[in-house]
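Got a new structure on the screen and wondering where the labels come from? Let's go through it by asking what stands behind each word.

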Amino acid sequence: MDETRPHLLPRTTELLPLWLRTLTGDVPGPAALVRPWLGGPTVPLAATPHTVAYTKDALRLLRYTPAVPRYATPILFVYSLINRYKILDFLPGRSLIEFLVEQGFVVYCIDWGTPTRADQDLTWDDYLHRYLDRCVQVVLAETGSPHLTLYGYCMGGTMALSYAALHPAPVGNFVAQAVPVDFANDGILTRWTERQFFNADALVDAEGNVPIALMESAFRYMDPIGTQQKWLDFFKKIGDPAFVETFLAMEEWAGDNIPFPGEVYRQYLRDCYQTNAFCRGEMQVGGRRVELRQITCPVLTVIADRDNIAPPASSEPLPRLVASPDTATLRFATGHVGLTASSRARREYWPQIVAWLGPRSSPLPGATTPA
Amino acid sequence: MSETSNERETLFVQWIKAWNKAADGFPGNNVVLQGGELMKQWQDQLRKMLEEVVRSEGFLASMGKSMELGHTVKAHVEGLLEKQLASLRLPSLADLQELHGKLRTLDDRTEALEQQLRELHLKLDRLLAASTTPPTE
């Protein structure tokens, strides 16, 4: 290689390990293969400064402290078990967590970590009571606030709703962003997981945890043309550095998935997708019924019109299922991930969420809240 | 990437850009090539067809059956492996998982004890502070 032009071709040392991984079947996402050919620096995901407030097993509770705190009520993000929390703190200037911290909220986010075969027997009850409940207690103890805002995203929202239904006392507000609730109306995923076609027990009994490859192929099947077309679009716009960076960051996040803990998956499939027991208030966790009408705090439902993972029809019933007198719904013309990572999100979507959340969060004494 | 300039651009990027430029100059580009109306129509049709296929009863039934069969075979093989390891008196995955479960329980108990100790410390601190505070008139 011409040493005077080091960026012209990717170094063999960068490509060789990737090719070796393809030979062993451990295929990295296309973004990892393309990145070395493009040169230039990489913008890291999840770059908002944070500290670790608590750890347990693979879980980390991340703490984001604002430079100018305005609210005493902290926010706790509960993310899905399907992929990583990093989409909530996507890129600088496109990060929901960064935005909320700038508004003066103390933000906590659960990073569930990567489950191993040793974690396959962890249940929904374990995730609520060994992990989520401990995180809630840590957040309340650290901030001294009697309440917090639970901010659930996707499947993490379903878990957070079941926690709030079982433990309504510490939950001051609930934000349900792209959260499937009525699983009878969850689109293609409801169809695929019908009991006559899909045997979740056989899968979990054989695999322990649900393999990453299976989850990823399911997502690819949801839009097989789009999966290919986006790469054609990428090469058309390769001269636009901002587009290239965002695209590759999104691909890196989308390709960085984790196995789904087996026993949680078994119950999730059975009680949510296959029988809709969650929506009907018949799901049992730790011997107790999860009844959404036990939730009486203010609830905000955030819906993406073009969401194919949590379609509007599956999220819309939430305000009717909870007993809260203070509910609101925000709908945006975007897709599932667009709520958290699109360029419009920071300009249009998040300010509306903060406009709802701000007045329902206790202000810090002497703090000035944004108009 | 924001630092990318012409001199830092890789050959790969330059090549793709040149290709795009050549394609833009191709007379039939707006009709045939990607982004063109013909291509769009073809993609829409293919998308509709695939959506129908992946929702169809036949596809889901055969996919479900083959997956279930694969999982059953795998579970059976793993079961046999467990038995073999047990007969050789070697620890199996199930043994390790059981051990892990016990460690997890121990970890929970230790954490609960730590929490109780912390609370006790706080109470003692408060009591100590109250006993050393001079009485006010």
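What follows is a set of questions and answers about this predicted model.

Q: What makes up chain A and chain B, going by helices and strands?
A: Chain A has 16 helices and 10 strands. Chain B has 4 helices and 0 strands, and its elements read α-α-α-α from the N terminus on.

Q: What scores come with the model as a whole?
A: The model has an ipTM of 0.72 and a pTM of 0.85.

Q: How do you know which parts of chain B carry the highest and lowest confidence?
A: Look at the mean pLDDT of each helix. Helix 3 of chain B is highest at 92, while helix 1 (residues 11-25) of chain B is lowest at 78. For chain B overall, the average is 82, and 84% of the residues score at least 70.

Q: What makes strand 5 of chain A "largely enclosed"?
A: A residue is called buried when 20 or more other C-beta atoms lie within 10 Å of its own. In strand 5 of chain A, 6 of the 6 residues are buried, so the strand is largely enclosed by the rest of the structure.

Q: How do you know that both faces of strand 5 of chain A are covered?
A: In a regular strand the side chains alternate between the two faces of the sheet. Here A:Leu148, A:Leu150 and A:Gly152 are on one side, A:Thr149, A:Tyr151 and A:Tyr153 are on the other, and all are buried.

Q: Which strands pair with strand 5 of chain A, and over how many bridges?
A: Strand 3 of chain A runs parallel to strand 5 of chain A and is joined to it by 4 bridges. Strand 6 of chain A also pairs with strand 5 of chain A in the parallel sense, over 6 bridges. A:Gly152 has a bridge partner in each: A:Val78 and, in strand 6 of chain A, A:Ala176.

Q: What is the strand order of the open sheet in chain A?
A: The 8 strands come in the order 1-2-4-3-5-6-9-10, with mixed pairing.

Q: Why are strand 1 and strand 10 of chain A said to stand at the edges?
A: Strand 1 (51-56) and strand 10 (327-332) of chain A each have a single partner strand, so one side of each has no neighbour in the sheet. From one strand to the next, the twist averages 20°.

Q: Which helix lies across strand 3, strand 5 and strand 6 of chain A?
A: That's helix 5 (residues 155-166) of chain A, which runs at about 145° to strand 5 of chain A. Helix 4 (residues 124-143) of chain A lies across strands as well, among them strand 1 of chain A, to which it runs at about 140°.

Q: Why is A:Ala277 called partly exposed?
A: Buried takes 20 or more neighbours and exposed 12 or fewer. A:Ala277 has 17 C-beta neighbours inside 10 Å, so it counts as partly exposed. A:Ala277 sits in helix 12 (residues 277-280) of chain A. Leaving aside residues up to four places away in sequence, A:Ala277 touches A:Asp271, A:Glu282 and A:Met283.

Q: Which helix of chain B gives the most to the side that touches chain A?
A: Between the chains, 33 residues of chain B are in contact with 34 residues of chain A. Helix 3 of chain B gives the most to that side of chain B, with 8 residues. By class, the side has 13 nonpolar, 12 polar and 8 charged residues.

Q: How is the packing of helix 7 of chain A on helix 3 of chain B described?
A: Two packed helices are described by the angle between their axes and the distance between the axes. Helix 7 (residues 200-207) of chain A and helix 3 (residues 57-87) of chain B pack at about 35°, with axes 8 Å apart. The residues in this contact divide into 4 nonpolar, 2 polar and 3 charged.

Conventions:
Residues numbered from 1 in each chain as written. Chains lettered and ligands numbered in written order. Predicted model: local features only at pLDDT ≥ 70, side-chain atom pairs only at ≥ 80, totals over all residues. Axes fitted to C-alpha atoms, helices over the stretch in contact; angles between N-to-C directions. Helix = DSSP H or I, 4+ residues; strand = E, 2+ residues; numbered from the N terminus. Nonpolar A, V, L, I, M, F, W, Y, C, P; charged D, E, K, R; others polar. Contact = placed C-beta atoms within 7 Å. pLDDT = per-residue confidence, 0-100. Pairing = 2+ DSSP bridges.
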